[in-house]
Amino acid sequence: PASSQGARSLTVRIDGLRNDRGMVFVSLFDNKRAFDQNKGAVASAQARPANRLAVVVFQNVVPGKYALSFIHDENDNKKLDTNLIGIPKEGFGYSRDAMGRFGPPKFDDAALSVPAGPMTVVMHTKYM
C-alpha cells in the first residue's frame, strides 16, 4: 500500500503449521474483486516457517479495510497443491479465520479494519 499519513506496520503471525517445510506466502487485499480473484494484492510477503509458525510484516500500510490470505507451500512449488477434485493438500487460511462453504470466503467475511498504528493479526492454518 502507498505511504500516507497514519501508515504503519501490519504484523501477520501464521500459527498451526504442521511442519517447518517450504514457504508461507501471505497476500494483502484492499478490495473484493482482487480478493475474490486472488489477483492484484496490494502487498505480498513470504517467510520460512520455524517452530510451526511464520511471521511476516507489511510496512507502510494505510489505515483501511483489508483481507489477508495465505498458503503453506510445503513442497516449495509456489502454489497451493490440490487433489483431483480441488481440495487443498497443503495448509491455507484467511484473516478472521474466515471460511467459505465451497471455496474461499467472501471479502467481507475476511475483512478487518487496520487502524493508524501498528497492528498484529494472528491467523490459524487449515488443513483438509
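How many aromatic pairs does the structure hold? The structure, a predicted model, holds four of them; rings of Phe, Tyr and Trp (its six-membered ring) pair if their centres lie within 6.5 Å, and planes under 30 degrees apart count as stacked, over 60 as edge-to-face and the rest as tilted. In the pair F29 and F35, the ring centres are 5.6 Å apart and the planes stand at 85 degrees, so the arrangement is edge-to-face. Both F29 and F35 are buried (under 20% relative accessible area, with exposed meaning over 50% and partly exposed in between; 1.4 Å probe, protein chains only). F92 and Y94 also pair edge-to-face, at 6.2 Å centre to centre and 65 degrees between the planes. F92 and Y94 are buried. Ring pairs join F29, F35, F92, Y94 and F107 into a cluster.

Residues are numbered from 1 along each chain as its sequence is written. In this predicted model, local features need pLDDT of at least 70 and side-chain atom pairs count only at pLDDT 80 or more, whereas totals for chains, interfaces and linings use all residues; side-chain values use heavy atoms, with hydrogens and water left out.

The protein contains two helices and eight strands, taken as DSSP runs (helices H or I, at least four residues; strands E, at least two) and numbered from the N terminus. Their order from the N terminus is β-β-α-β-β-β-β-α-β-β. The radius of gyration, taken over C-alpha atoms, is compared with a globule rule of 2.2 Å times the number of residues to the power 0.38. For 128 residues a compact globule would have a value near 14 Å, and the protein, at 14 Å, agrees. The C-alpha trace spans about 45 × 30 × 20 Å along its principal axes. Of the contacts with a separation of 6 or more, 71% join residues 24 or more positions apart, where contact means heavy atoms within 4.5 Å. Buried residues account for 42% of the 128 residues.

Most residues other than glycine have a negative phi. N51 is exposed, at a relative accessible area of 69%. N60 counts as partly exposed, with 39% relative accessibility.
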